[in-house]
Amino acid sequence: MKLNILCGLLWGFIFLACEEQEEDKYIFFLHNRFLETHELHEAHPLFGRVEYEAILAEFEKANFKVISEKRNGNVDARAYAVEIVAQIDSLIRSGVQASNISIIGTSKGGYIAQYVSTLANQSALNFVFIGSFQDTDMEEFPEINYCGNILNIYEKTDPYSVSALERKRTSTCEIKHFKEIELNTKMQHGFLFKPLKEWMEPSLKWASGNYELE
């Protein structure tokens, strides 16, 4: 909690007025791969349009400061993560508590977020990985090492996401809070194209520091 202290003079006497304000909380949002090679108005043949701006609006409505951009081209996930880590380090140096910073990624954005978790190596950061872990990842991306407070959200009908317990088991960094949520929206991988309350609500709670999800 950060205290803003306002002081002044009133009729020759010093008065002290303290206004208590919540510290700012930040969300880095990393979208899925489809938007890297398509415009915002273009629709996926199976899942429709990525509602990127609507997702950002939901985060902002919850009073988070949102840091995000539409990536262009097939970016390298690890290299992009290096840039995000630099921004996080800058925020922390400016006085922002690591616990007030969350990195939320969908699909490929979730893989970038996993690299951020690995490279930042900061146990107080919050992460939400959405539709971004497959069993084959243990062999394909052996360098990923979870670090931070981790929420993994996956969809039962999605062929591209499953439980990440094996990755947690093999990670060597401190993980103070870890939780998984299996959804059953019947929307396959399309569940993360829209700001569904099924994944938005737990993501917002996690970013708020509420790790006791039902």
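## Aromatic pairs

Y111 counts as buried, its relative accessibility being 14%; buried means under 20% relative accessible area, exposed over 50%, and partly exposed in between, with a 1.4 Å probe and protein chains only. F141 is partly exposed at 23% relative accessible area. The model is predicted, so local features need pLDDT of at least 70 and side-chain atom pairs count only at pLDDT 80 or more, while totals for chains, interfaces and linings use all residues. Residues are numbered from 1 along each chain as its sequence is written, and side-chain values use heavy atoms, with hydrogens and water left out.

The whole structure holds 8 aromatic pairs. Rings of Phe, Tyr and Trp (its six-membered ring) pair if their centres lie within 6.5 Å; planes under 30 degrees apart count as stacked, over 60 as edge-to-face and the rest as tilted. Y111 and F141 are tilted, because their ring centres are 5.5 Å apart and their planes stand at 50 degrees. Y111 lies in helix α3 (residues 108–120) and F141 in the loop between α4 and β9, so this pair ties together parts 30 residues apart in sequence. W206 and Y211 have ring centres 4.9 Å apart and planes at 75 degrees, so that pair is edge-to-face. Both W206 and Y211 are buried. F29, Y52 and F59 form one aromatic cluster.

## Nonpolar cores

The largest nonpolar core has 29 residues, and those with the most contacts inside it are I27, F29, F59, I130, I153 and W199. Such a core is a set of buried Ala, Val, Leu, Ile, Met, Phe, Trp, Tyr and Cys residues joined through side-chain atoms within 4.5 Å. Two or more residues each come from β3 (26–30), α1 (52–61), β8 (126–130), β9 (149–155), β10 (178–183) and α6 (197–207). Helix α6 gives the largest share, 5 residues. A second, separate core of 28 residues includes Y80, I103, L125 and F133.

## Helix α6 and strand β10

In α6, the residues W199, M200, P202, S203, L204, W206 and A207 are buried. The buried residues of this helix pack against β3, α1, β7 (101–106), β8, β9 and β10. Not counting residues up to four places away in sequence, W199 touches I55, F59, T106, I130, I153, L183, F191, L192 and K194, where contact means heavy atoms within 4.5 Å.

E182 lies in strand β10 and is partly exposed, with a relative accessible area of 46%. Leaving aside neighbours within four places in sequence, E182 is in contact with Y154 and K156.

## Disulfide

The count comes to 1 disulfide, defined as a pair of cysteine sulfur atoms within 2.5 Å. C147 and C173 form it, with their sulfur atoms 1.9 Å apart. C147 is in the loop between α4 (137–140) and β9 and C173 in the loop between α5 (165–170) and β10, so the pair ties together parts 26 residues apart in sequence. Both cysteines, C147 and C173, are buried.

## Chain totals and confidence

The chain contains 6 helices and 10 strands; helices (H or I, at least four residues) and strands (E, at least two) are DSSP runs, numbered from the N terminus. Of its 214 residues, 46% count as buried.

The average pLDDT is 91, and 89% of the residues score at least 70; pLDDT is the predictor's confidence in each residue, from 0 to 100. Over residues 1–20, pLDDT stays under 50. Where pLDDT is low, the predicted coordinates should not be read in detail.
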